[in-house]
Amino acid sequence: MDKSRLLVCAILFVAGVSFNAYAQDNVIDEVVWVVGDEAILKSDVEEERLRAQYEGYKFDGDPYCIIPEQLAIQKLFLHQAAIDSIEVTDSEVIQQVESTINSYIRSVGTREKLEEYFNKSMTQIREAMRENVREGLTVQRMKEELTSNIKTTPAEVRYYFSQLPEDSIPFIPTQVEVQIIVQEPKIPIEEIERVKAQLREYTDRINSGDTQFSTLALLYSEDPGSARRGGELGFMGKGQLLPEFANVAFNLTDPKKVSKIVETEYGFHIIQLIEKRGDRVNCRHILLKPKVSEKEQEAAIARLDSIADDIRNNKFTFESAATYLSQDKDTKNNHGLMQNPYDGTSKFEMQQLPQDVAKVVDKMNVGEISEPFIYTNESNGKEVCAIVKLKSKVEGHKANIRDDYQRLREMMVAKLKEEKLEQWIVEKQKTTYVRINDNWKNCDFKYPGWVK
């Protein structure tokens, strides 16, 4: 198990939950390894073992051999990072801590439940996380520094592929490229005014003390992620919020006041400040989305039907229609070509496409234009109408150098990085003082150089 994963991802236990008292039957703690001038305690090993057990991770061997070695490797990287002046900024650590805390608040429901779970205040939880997160990020950066000069040529990738055993050649799932034209059904002015009037009513109820903001958010906000937390978003920087929202949220000064109505691509919001901390803000919001009428939806589908017919009749191309007629800001400047958020390319495995799009594309032939359909835009949650064109399709196959060069290159680079880091560990062992308690030496270590 990668130590950075233990320290950064498994935060529930990093946040100060101690297993030592009940895990060791009250045995006095002891130093089991020393690496350089850093000690590894029995309690450190036990905490990692119980964390892995909680996560369902199975060790391929004795955890009391594997875990101390992983912790020792971690200390080698941290020592080298100190020598090389590899640093992680406070803002990076805070961002990671807040991101993790927010994800766990979303998981358990409220800040209060998280505090109850840990029997600690939010301040104490943050403090307990901070150093572990800093170490995890530092190790990650040190590894990147050590492997940053690894380069490959096309000839080397071809040779690497030619040497792969048949059973090691990866299977590449079916991949498609999809172009899309989107029309958003028009929202009548009357519907927008209805939503604004509703938000003004909520504001009056909050300002008069009749109802708490969090109660109204829980009952009525159409942002499901924050609604169950009383509208709370957690600490965020300006760059994590939509500009229109951030401009208002960061200008709030009085937690008792409610903001003016803010319009974003998601709908209309009112905002309440909870706390400011440096360049980050925590606030609540209530989101209401204007409803699309069936009549307007049918009108959007009719427009797309007409556009599709004109393309099929060669009046203009799909690409030009996407550029000038599509209302999808993410694709219209790319001739309608959808971008895969997982790898930044235009190629999708079917399960990576939005579900409603995948259902349509699955039945299409290359070059075909679909009938209009309704789907939910994943970026803002709006129901929109669309037509798609299947630009290309490569059926699932075993990787080959012609079609899958980039995938094979990434495999090769990952292997070279792993080999370089392993060699670095072997060399670092030779110049690092290591002492292991006699009761902890009887192990088949991955790197035998620990015992000299």
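**Entry 1. Terms and source**

I take a nonpolar core to be a set of buried Ala, Val, Leu, Ile, Met, Phe, Trp, Tyr and Cys residues joined through side-chain atoms within 4.5 Å. Buried stands for under 20% relative accessible area, exposed for over 50%, and partly exposed for what lies in between, with a 1.4 Å probe and protein chains only. I note that this is a predicted model, in which local features need pLDDT of at least 70 and side-chain atom pairs count only at pLDDT 80 or more, while totals for chains, interfaces and linings use all residues. Residues are numbered from 1 along each chain as its sequence is written, and side-chain values use heavy atoms, with hydrogens and water left out.

**Entry 2. The chain as a whole**

I looked up the secondary structure and found 17 helices and 13 strands. Helices (H or I, at least four residues) and strands (E, at least two) are DSSP runs, numbered from the N terminus. The C-alpha trace spans about 80 × 65 × 35 Å along its principal axes. The chain has 452 residues, and 44% of them are buried.

I then turned to contacts, where contact means heavy atoms within 4.5 Å. Of those between residues at least 6 apart in sequence, 67% join residues at least 24 apart. The chain exposes about 24,300 Å², of which carbon and sulfur atoms supply 49%; such areas come from the Shrake-Rupley method with a 1.4 Å probe, and for residues only the protein chains shown count as cover.

**Entry 3. The largest nonpolar core**

Which residues touch the most other members of the largest nonpolar core? I find Trp 33, Ile 40, Val 45, Phe 77, Ile 425, Ile 436 and Trp 450, in a core of 30 residues. Two or more residues each come from strand 1 (31–35), helix 4 (42–55), helix 5 (63–83), helix 8 (122–146), helix 17 (405–430) and strand 13 (434–436). Helix 5 gives the most, with nine residues.

Not counting residues up to four places away in sequence, Phe 77 touches Val 139, Met 142, Lys 143, Leu 146, Leu 421, Trp 424 and Ile 425. Apart from this core lies another, of 18 residues, which includes Val 361, Met 364, Val 388 and Leu 390. In soluble globular proteins, nonpolar side chains tend to be buried together.

**Entry 4. The disulfide**

How many disulfides does a search of the whole structure find? I record one, a disulfide being a pair of cysteine sulfur atoms within 2.5 Å. Cys 65 is joined to Cys 443, with 1.9 Å from S to S. The link of Cys 65 and Cys 443 is left-handed, with -75° about the S-S bond. Distant parts of the chain are linked by this pair: Cys 65 is in helix 5 and Cys 443 in the segment after strand 13, 378 residues apart.

I also checked accessibility among cysteines. Cys 65 counts as buried because its relative accessibility is 10%. Cys 283 is buried at 2%, and Cys 385 is buried at 0%.

**Entry 5. Two alanines**

Is Ala 300 buried or exposed? Ala 300 is buried, because its relative accessible area is 0%. I place Ala 300 in helix 14. Leaving aside neighbours within four places in sequence, Ala 300 is in contact with Gln 183, Pro 185 and Cys 385. Ala 300 and Pro 372 are 72 residues apart in sequence, and 9.0 Å separates them from C-alpha to C-alpha.

Ala 321 is in helix 15 and is buried, with a relative accessible area of 3%. Residues up to four places away aside, Ala 321 touches Ile 181, Ile 307, Ile 311, Phe 316 and Ser 326. Ala 321 and Leu 416 lie 95 residues apart in sequence and 45 Å apart in space, C-alpha to C-alpha.

**Entry 6. Positive phi values**

I looked for residues other than glycine with a positive phi. Ser 85 has a phi of about 55°, in the loop between helix 5 and helix 6 (90–108). Ser 85 counts as exposed, because its relative accessibility is 55%. Asn 314 has a phi near 65° and lies in the loop between helix 14 (294–312) and helix 15 (318–325). Asn 314 is exposed, at 69% relative accessibility.
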